[in-house]
Amino acid sequence: MIFRNILEKKPLEINDIVELLSSTEEEMDLLFEYARELRDQTVGNKIYLRATLYLSNICSKNCLFCGLRKENNAIERFSIEENEIESIAQKVITEKYQSLYIETGERQDSKFIDKIDRIVKSIKDESLTDIGITLACGEQKPETYSKWFKSGAHRYILNLETTNDFLYQHITPNDFDHNLDYRKRCLKSLLKIGYQVGSGIMTGIPYQTHEDIATDLKYLADSNIHKFIAGAYIENSSTPLYEENKYLLTQQERMLLSLKCIAIMRIMMPDIAIIPSSSILAMDKLGWQKAINAGANIILPNITPALETSKYDIYNSDNQVQSMSLENISLDQKRNPIAFGEWGDSLRYFAK
Ligand code: SF4
């Protein structure tokens, strides 16, 4: 089929998505242009902000690709204290980010659950109700998700990374704590509770095929998520998956696949919010601008204090998340103005 005709097909089937993922450079430009125009027509050309707080790098899990994994003794652990939250929330207001995205390693103990709950409540209670709160605190029981939702968190991000059982078993230990079906159930639970739900995948996992990625995108579209998070796998020498480096695409190829996923999801779900993950910027200093050019409309500037940021070592020393402040990110604001002071909720959510 002619490439342009695939772009206009509704709905896109797995084989169409594979074609788009396999696009040549010239076709890719067309794909990005098409997705970009679709974004401008549906959700507009503005870029919304989610000020990002890496709350803690303590994690009870052991994903084989992630530097925060419990058994990685090469990093120093931290957890930001509750008394620091007020000044962080003030910064969100003063600098007109308007939304706070809180990401942490995953824990299910009551001390952690209650701490997150108190943080959410304190932000909402202290005359700071203008702040939209997004949580990314991993897999939790439905009652925990409900508790945080009632306290004022209204968005949640839970990345599946992959929907393929073989690949999931390849990037996580084969034990009770790492179960793809359970993770998918958590996503459903978040949607049922009423959060604006975001999810995403990692491109470039060793052995991953274009068919695998196409199946992931179809799964997320069928799940009717409200936000898509595009991430790419970055090898970390402190993790077990590093041993499989010889099976990797280049970082540039992994990033381009991720950008193509952004454009494809924009075509499949024109009114969703699309966010390039920190991995895209860690791989390429212009990564977020490239993501915007491919159809994304939200970015995650980092406002975590510098000391804690330096310990949030998900990737490796060449790919730090350190310099992701708004001042350090180069964006074409004439074409895509930043929507300071606006929440920028997903239109998809309100269309349900
Ligand atoms: S991917 Fe998430 S759950 Fe897995 S080790 Fe890293 S922080 Fe923990």
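Helix 6 passes helix 8 in a right-handed crossing, where a crossing is called right-handed if the near helix is turned clockwise from the far one by less than a right angle and left-handed if anticlockwise. The model is a predicted one, in which local features need pLDDT of at least 70 and side-chain atom pairs count only at pLDDT 80 or more, whereas totals for chains, interfaces and linings use all residues. Residues are numbered from 1 along each chain as its sequence is written. Helices (H or I, at least four residues) and strands (E, at least two) are DSSP runs, numbered from the N terminus.

On the side of helix 6 the contact is made by Pro142, Tyr145, Ser146 and Phe149, and on the side of helix 8 by Ser189, Leu190 and Ile193, two residues being in contact if their C-beta atoms, placed from the backbone, lie within 7 Å. These residues divide into five nonpolar, two polar and no charged, under a scheme in which Ala, Val, Leu, Ile, Met, Phe, Trp, Tyr, Cys and Pro count as nonpolar, Asp, Glu, Lys and Arg as charged, and the others, Gly among them, as polar. Helix 8 also holds lysine 184, which counts as partly exposed because it has 16 C-beta neighbours inside 10 Å; a residue is buried if 20 or more other C-beta atoms lie within 10 Å of its own, exposed if 12 or fewer, and partly exposed in between, with C-beta atoms placed from the backbone. Between lysine 184 and arginine 36 there are 29 Å from C-alpha to C-alpha, and the two are 148 residues apart in sequence.

Helix 10 (residues 251–268) packs against helix 3 (residues 25–42), and the axes of this pair come within 9 Å and cross at roughly 45°. Helix 3 and helix 10 are therefore oblique to each other, given that angles under 35 degrees count as roughly parallel, over 145 as roughly antiparallel, 65 to 115 as roughly perpendicular and the rest as oblique. Their crossing is left-handed. Helix 3 contributes Met28, Leu31, Phe32, Tyr34, Ala35, Leu38 and Arg39, which meet Lys260, Ala263, Arg266 and Ile267 of helix 10, and this contact comprises eight nonpolar, no polar and three charged residues.

Helix 10 also packs with helix 2, at an angle of about 135° and with the axes 10 Å apart, which makes helix 2 oblique to helix 10. The crossing of helix 2 and helix 10 is right-handed. Here Ile17, Leu20 and Leu21 of helix 2 meet Leu257, Lys260 and Ile264 of helix 10, a set made up of five nonpolar, no polar and one charged. Isoleucine 14 is likewise placed in helix 2 and, with 14 C-beta neighbours inside 10 Å, counts as partly exposed. When residues up to four places away in sequence are not counted, isoleucine 14 touches Glu211, Ala214, Thr215 and Lys218. The loop between helix 1 (3–7) and helix 2 (14–21) contains proline 11, which is joined to lysine 10 by a cis peptide bond with omega of about -10°.

Positive phi values are found in two loop residues other than glycine. Glutamine 98, in the loop between helix 4 (85–94) and strand 3 (99–104), has phi near 75° and is buried, with 20 C-beta neighbours inside 10 Å. Glutamate 161, in the loop between strand 5 (155–157) and helix 7 (165–171), has a phi of about 70° and is buried, with 22 other C-beta atoms within 10 Å.

Serine 56, in strand 2 (residues 51–56), is buried, with 24 other C-beta atoms within 10 Å. Leaving aside neighbours within four places in sequence, serine 56 is in contact with Phe78, Ser79, Ile80, Thr104 and Gly105. The ligand is surrounded by Cys59, Lys61, Cys63, Cys66, Leu68, Arg69, Gly105, Glu106 and Gly138, a residue being near a molecule if its C-beta atom, placed from the backbone, lies within 6 Å of it. By class, this shell has four nonpolar, two polar and three charged residues.

Conventions: Axes are lines fitted to C-alpha atoms, for helices over the stretch in contact, and angles run from 0 to 180 degrees between N-to-C directions.
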